Amino acid sequence: INAFDPVQLAERVLDSLFLESSVRWGIRAEAPEYQIVGEEREMERVFLNLFQNASEAMNGEGRLLVEFEARQPERTFGFRPEQH
């Protein structure tokens with residue numbers, strides 16, 4: 001388990017998934033930096049599945065907008081909430 005930036009992870013997944021696609025994508029994040037504490041590879045799979053499902057629902061055309069919003073965690077697992 002480590003801390004990682006989900007916005008950067010989402011950008012990497014979107015870049016690789018839609019490299020040769022007519023789907024245009026964008027990311028909107030209210031904070032300049034986010035941190036998630038967890039398994040980055042698992043979150044990468046979650047993003048990949050979500051973005052693939054969205055692309056299929058759009059028939060491979062259109063615009064996909066991913067938005068990030070900061071929320072207080074329910075559990076901090078030893079990390080200070082203001083940092084993660």
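Leu 14 lies in helix H1. The model described here is predicted. Its secondary structure comes to two helices and four strands, and from the N terminus on the elements run β-α-β-β-α-β. Of the 84 residues of the protein, 23% count as buried. Among the contacts with a separation of 6 or more, 83% are accounted for by residues 24 or more positions apart.

- Leaving aside neighbours within four places in sequence, Leu 14 is in contact with Leu 19, Trp 25, Ile 27, Phe 51, Leu 64 and Val 66.

**Packing of helices H1 and H2**

- Helix H1 covers residues 6–17, and it packs against H2 at an angle of about 50°, with the axes 10 Å apart.
- That angle makes H1 oblique to H2.
- The crossing of the two helices, H1 and H2, is right-handed.
- On the H1 side, the residues that meet H2 are Pro 6, Leu 9, Ala 10, Arg 12, Val 13, Leu 14 and Leu 17.
- On the H2 side, the residues met by H1 are Glu 40, Met 43, Glu 44, Phe 47, Leu 48, Phe 51 and Gln 52.
- The residues of this contact of H1 with H2 divide into 10 nonpolar, one polar and three charged.

**Aromatic rings**

- A pair of aromatic rings is described by two quantities, the distance of the centres and the angle of the planes.
- The count of aromatic pairs comes to three.
- One of them joins Phe 47 and Phe 51, whose rings are stacked at 5.5 Å centre to centre, with 15° between the planes.
- Phe 47 and Phe 51 are four residues apart in helix H2, which spans residues 40–57, so about one helical turn separates them.
- Because Phe 47 belongs to helix H2 and Phe 68 to strand S4 (residues 61–68), the pair ties together parts that are 21 residues apart in sequence.
- Phe 47 has a relative accessible area of 8% and is buried.
- Phe 68, at 13% relative accessibility, likewise counts as buried.
- Tyr 34, Phe 47, Phe 51 and Phe 68 form one aromatic cluster.

**Where the topics meet**

- Phe 47 belongs to the aromatic cluster and is also among the H2 residues that meet H1.

**Ser 55 in helix H2**

- Ser 55 is found in helix H2.
- Is Ser 55 buried or exposed? With a relative accessibility of 14%, Ser 55 counts as buried.
- Leaving aside neighbours within four places in sequence, the residues in contact with Ser 55 are Phe 18, Val 23 and Gly 60.

Conventions. Residues numbered from 1 in each chain as written. Predicted model: local features only at pLDDT ≥ 70, side-chain atom pairs only at ≥ 80, totals over all residues. Heavy atoms only, no water. Phe/Tyr/Trp six-rings, centres within 6.5 Å; stacked < 30°, edge-to-face > 60°. Buried < 20%, exposed > 50% of the residue type's maximum accessible area, 1.4 Å probe, protein only. Axes fitted to C-alpha atoms, helices over the stretch in contact; angles between N-to-C directions. Parallel < 35°, antiparallel > 145°, perpendicular 65-115°, else oblique. Left-handed = near helix turned anticlockwise from the far one by under 90°. Contact = heavy atoms within 4.5 Å. Nonpolar A, V, L, I, M, F, W, Y, C, P; charged D, E, K, R; others polar.
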